Amino acid sequence: MLPPSNARELTDLWLDGASPSESDLRAANSLAARLASFDGLRPFSGVVQSLLDHVSCPDFSLDEVRKLIESDPALAARIMRVANSAAYRAHGPCASVAQAIVRIGATNVSGLAIAMSVMTLFKDMGGVGQKIRDHSAGTAAMARELAMCLDLAALSSKVFLAGLLHDLGKLLLIQTGDAAYAALVAQELSPSSLHLREQTLWGFDHAMLGAHVLLSWNIPAPIPHLIACHHQPKGGHGGASAFAQALDLLRLADVVDWLLGQGCTADSPWVRRLAESPDGVRVGLGKETLPSLWSDLQTIRKEALLVFK
């Protein structure tokens, strides 16, 4: 059993300082046991680690960021694909890594490099892994596009990265060889129900697990915090802060991608219901706006799946 102080530290990520309940503390102990099995896991290369370390310095050099990326041709190619995708292509084609860094942002590039390294792990997990990868890529693209369309462009890169990493916990749980969990994920439950099943079975959900692993990898805020809260928004949610708006965008994108994956059309009552949800209302997603964007979102999602294939 974790000491109370350590258990409370774990719950702080999803409670934002609120006093944990007994169920929260039990979840923290169960989570700690599972986290121990991932100690030392780093699914990214030395180049990516160096990139993350470099941009964490206040006086980092853009030229050094470029050199690090160009030293890994596979990473450079993936960065260029993203920079030229519909999610980022706004002012013509991007012809060099240096241009890609400017377009995406140097600090965002390091996070993107880690996310893309994580995404490569999904390729070795069969059909279930591919579905997680596709949903992650789709959620990222949906989050960024919604941010751009709702005059929240300043949040676009953050929610894009959070979307790519939001289901990391699912990958980690599948990697443990838990057949029951793999079967649960294969059911393709809606984003609003899977985490409840996880909490019932294991005491914590994939969002909590993924967020804590990201913290152990030194992924900067607010990414781990957004991921921790995307199924149970508690402290700090519901206001007009940048974090609250980013969380609303991530939660909306999660469902938008799931609906698109289920083949829902713009006139589906589920689309209207999502637009009128508390998350939608808070970011100004009018009941006519989401249906009007649906065709564009379908196109952007298709391209995103190809970019991260």
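The dialogue below goes through several features of a predicted model.

User: What should I know before reading the values?

Analyst: This is a predicted model, in which local features need pLDDT of at least 70 and side-chain atom pairs count only at pLDDT 80 or more, while totals for chains, interfaces and linings use all residues. Residues are numbered from 1 along each chain as its sequence is written, and side-chain values use heavy atoms, with hydrogens and water left out.

User: How many helices and strands does the chain have?

Analyst: Helices (H or I, at least four residues) and strands (E, at least two) are DSSP runs, numbered from the N terminus. The chain has 18 helices and zero strands.

User: What share of the residues is buried?

Analyst: Buried means under 20% relative accessible area, exposed over 50%, and partly exposed in between, with a 1.4 Å probe and protein chains only. Of the 309 residues in the chain, 52% are buried. The chain exposes about 13100 Å², and carbon and sulfur atoms supply 54% of that area; accessible areas come from the Shrake-Rupley method with a 1.4 Å probe, and for residues only the protein chains shown count as cover.

User: Which residues of α10 are buried?

Analyst: A general point on helices comes before the case. An α-helix has 3.6 residues a turn, so residues three or four places apart point the same way. Helix α10 covers residues 168-175, and seven of its eight residues are buried. They are Leu 168, Gly 169, Lys 170, Leu 171, Leu 172, Leu 173 and Ile 174. Just after α10, Gly 177 has a positive phi of about 85°.

User: What caps the N-terminal end of α13?

Analyst: A polar contact is a pair of N or O atoms within 3.5 Å; within protein, one must be able to donate a hydrogen and the other to accept it, and residues adjacent in sequence count only if both atoms are side-chain atoms. At α13 the cap is Asp 205, with a side-chain oxygen 3.0 Å from the backbone nitrogen of Ala 207. Helix α13 spans residues 206-216 and is mostly covered, with nine of its 11 residues buried. Among them are His 206, Met 208 and His 212. Asn 218 follows α13 and has a positive phi, near 65°.

User: Where is Asp 151 found, and is Asp 151 buried or exposed?

Analyst: Asp 151 is in the loop between α8 (126-149) and α9 (156-165). Asp 151 counts as exposed because its relative accessibility is 73%. Its phi is near 60°, a positive value in a residue other than glycine.

User: How many disulfides are there?

Analyst: A disulfide is a pair of cysteine sulfur atoms within 2.5 Å. The count by this rule is zero.

User: How many cavities of 30 Å³ or more does a search find?

Analyst: Rolling a probe the size of a water molecule over the atoms shows where empty space is left. On a 1 Å grid over the protein atoms alone, a cavity is a set of points where a 1.4 Å probe fits but cannot get out, and lining residues have an atom within 4 Å of a point. Grid points are joined across faces, edges and corners, and a volume is the space filled by probe spheres set on the points. The search of the whole structure finds two cavities of 30 Å³ or more. The largest cavity holds about 60 Å³. Its lining includes Ser 85, Phe 160 and Glu 303, and helix α18 (residues 289-307) gives the most to that lining, with four residues.

Methods: On a 1 Å grid over the protein atoms alone, a cavity is a set of points where a 1.4 Å probe fits but cannot get out, and a pocket is an open set with protein on both sides within 12 Å along at least five of seven lines; lining residues have an atom within 4 Å of a point.
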